[in-house]
Structures are given as C-alpha cells and as structure tokens.
Amino acid sequence: QVQLVESGGGTVQPGGSLRLSCTFSGNSFRIYDLYWYRQAPGNKREWVASIASEFKNAETNISDSVKGRFTISKDLAKNTVNLQMSSLKPEDTAVYFCNARHDALRRYYWGQGTLVTVSS
C-alpha cells in the first residue's frame with residue numbers, strides 16, 4: 001500500500017521561498033507519475049506541477065500560473081518528490097497536495113496536504 005506524506009509547508013512573506021517534499025512509502029516509486037496540486041479556500045483543487053515516471057524519462061510540466069517560479073524534482077534514493085517555490089505571492093496560499101498515479105494499473109494515491117500561507 002502506498003502512502004504519501006507532505007512536509008515543508010508554513011508561512012512565508014511575499015517574495016519568499018519554500019520547499020515542499022512528499023515522501024512516498026511503498027513499492028515501485030519509479031513507476032508512478034507524480035503531481036503537486038493545490039487548493040485555496042473556496043476554490044477547486046488545481047494542478048500545479050508534474051514529473052513523469054522513469055519510464056517516461058521523468059518529463060516535467062509546470063502550470064502557467066507558477067511557471068518560472070516553481071520547479072518540481074524527485075529523489076529516487078529517498079523516494080521523495082519536491083516542489084521548490086520561489087517568488088511566492090499571496091495568491092499561492094493554499095493547501096498543497098501530493099498525488100501519485102499509475103493510470104494503466106488504476107492506482108491513485110493522495111497525501112493529506114500541507115498548508116502554505118503567503119502573507120506579510
């Protein structure tokens with residue numbers, strides 16, 4: 001059974017940086033596509049960034065809303081997927097969720113989320 005645990009959230013001033021991590025517990029980290037989503041109060045959950053499995057060359061994609069400010073990466077040795085966030089804006093305030101997916105196997109997992117607050 002896969003479990004995902006996010007960490008690294010907190011309160012930061014506008015213009016600041018945070019690094020979120022998601023630790024994947026379970027087998028076969030390499031075969032999953034990994035995503036970061038976020039959900040602000042009153043809003044739908046939105047996709048932020050993704051990094052594909054090793055079978056897809058770990059291709060990364062970033063939402064236009066955070067492009068140039070956020071980067072996604074993964075550490076195969078630690079089974080973590082990271083979201084480096086910089087030049088943070090108040091509108092980045094949200095709960096950030098980690099998601100692991102394998103469409104062919106129909107396996108979908110979510111973490112509990114970590115809160116990021118950008119405020120002066």
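Modeller: A polar contact is a pair of N or O atoms within 3.5 Å; within protein, one must be able to donate a hydrogen and the other to accept it, and residues adjacent in sequence count only if both atoms are side-chain atoms. Please keep in mind that this is a predicted model, in which local features need pLDDT of at least 70 and side-chain atom pairs count only at pLDDT 80 or more, while totals for chains, interfaces and linings use all residues. Residues are numbered from 1 along each chain as its sequence is written, and side-chain values use heavy atoms, with hydrogens and water left out.

Biologist: Which backbone oxygen lies 3.0 Å from a polar atom of the side chain of Arg-69?

Modeller: That backbone oxygen belongs to Ser-87, and the side chain of Arg-69 also makes a polar contact of 2.7 Å with the side chain of Asp-92. To place Arg-69, look in the loop between E6 and E7, where E marks a strand, a DSSP run of at least two residues, just as H or I marks a helix of at least four, numbered from the N terminus.

Biologist: Is Arg-69 buried or exposed?

Modeller: Arg-69 has a relative accessible area of 12% and is therefore buried, since buried means under 20%, exposed over 50% and partly exposed in between, with a 1.4 Å probe and protein chains only. Its contacts (heavy atoms within 4.5 Å), when residues up to four places away in sequence are not counted, include Gln-84, Met-85, Ser-86, Leu-88 and Lys-89.

Biologist: In which strand is Phe-70 found?

Modeller: Phe-70 is found in strand E7, and with 2% relative accessibility it counts as buried. If its neighbours within four places in sequence are left aside, Phe-70 is in contact with several residues, among them Val-48, Ile-62, Leu-83, Asp-92 and Tyr-96. The C-alpha atoms of Phe-70 and Ser-87 are 8.6 Å apart, although 17 residues separate the two along the chain.

Biologist: What is the order of the strands in the open sheet?

Modeller: Two strands pair if DSSP finds at least two bridges between them, and here 4 strands form an open sheet in the order E1-E3-E8-E7, with antiparallel pairing. Strand E1 (3-7) and strand E7 (70-75) are the edge strands, each pairing on one side only. From one strand to the next the twist averages 15°, an angle taken from 0 to 180 degrees between N-to-C directions, with axes fitted to C-alpha atoms (for helices over the stretch in contact). E7 and strand E8 (residues 80-85) pair in the antiparallel sense over 6 bridges, and Asp-75 stands opposite Thr-80 in E8.

Biologist: How many disulfides does a search of the whole structure find?

Modeller: A disulfide is a pair of cysteine sulfur atoms within 2.5 Å, and the search of the whole structure finds 1. Cys-22 and Cys-98 form it, with sulfur atoms 2.2 Å apart, and the angle of -80° about the S-S bond makes the link left-handed. This pair links distant parts of the chain, as Cys-22 sits in strand E3 (residues 18-25) and Cys-98 in strand E9 (residues 94-102), 76 residues apart. Both Cys-22 and Cys-98 are buried.

Biologist: How many salt bridges does a search of the whole structure find?

Modeller: There are 7 salt bridges, each one a side-chain nitrogen of Lys or Arg within 4 Å of a carboxyl oxygen of Asp or Glu. In one of them the side chains of Lys-56 and Asp-33 meet at 2.7 Å, N to O, and the partners are 23 residues apart, with Lys-56 in the loop between strand E5 (46-51) and strand E6 (60-62) and Asp-33 in strand E4 (residues 33-39). Lys-56 is partly exposed at 45% relative accessible area, whereas Asp-33, at 7%, counts as buried.

Biologist: Which parts does the salt bridge of Asp-92 and Arg-38 tie together?

Modeller: The side chains of Asp-92 and Arg-38 meet at 2.9 Å, N to O; Asp-92 lies in the loop between E8 and E9 and Arg-38 in strand E4, so the pair ties together parts that are 54 residues apart in sequence. Asp-92 and Arg-38 are both buried. A further salt bridge, of 2.8 Å from N to O, joins the side chains of Lys-74 and Glu-54, with Lys-74 in strand E7 and Glu-54 in the loop between E5 and E6, 20 residues apart. Lys-74 counts as buried at 16% relative accessibility, while Glu-54 is partly exposed at 29% relative accessible area. Finally, salt bridges that share partners join Arg-38, Glu-46, Arg-69 and Asp-92 into one network.
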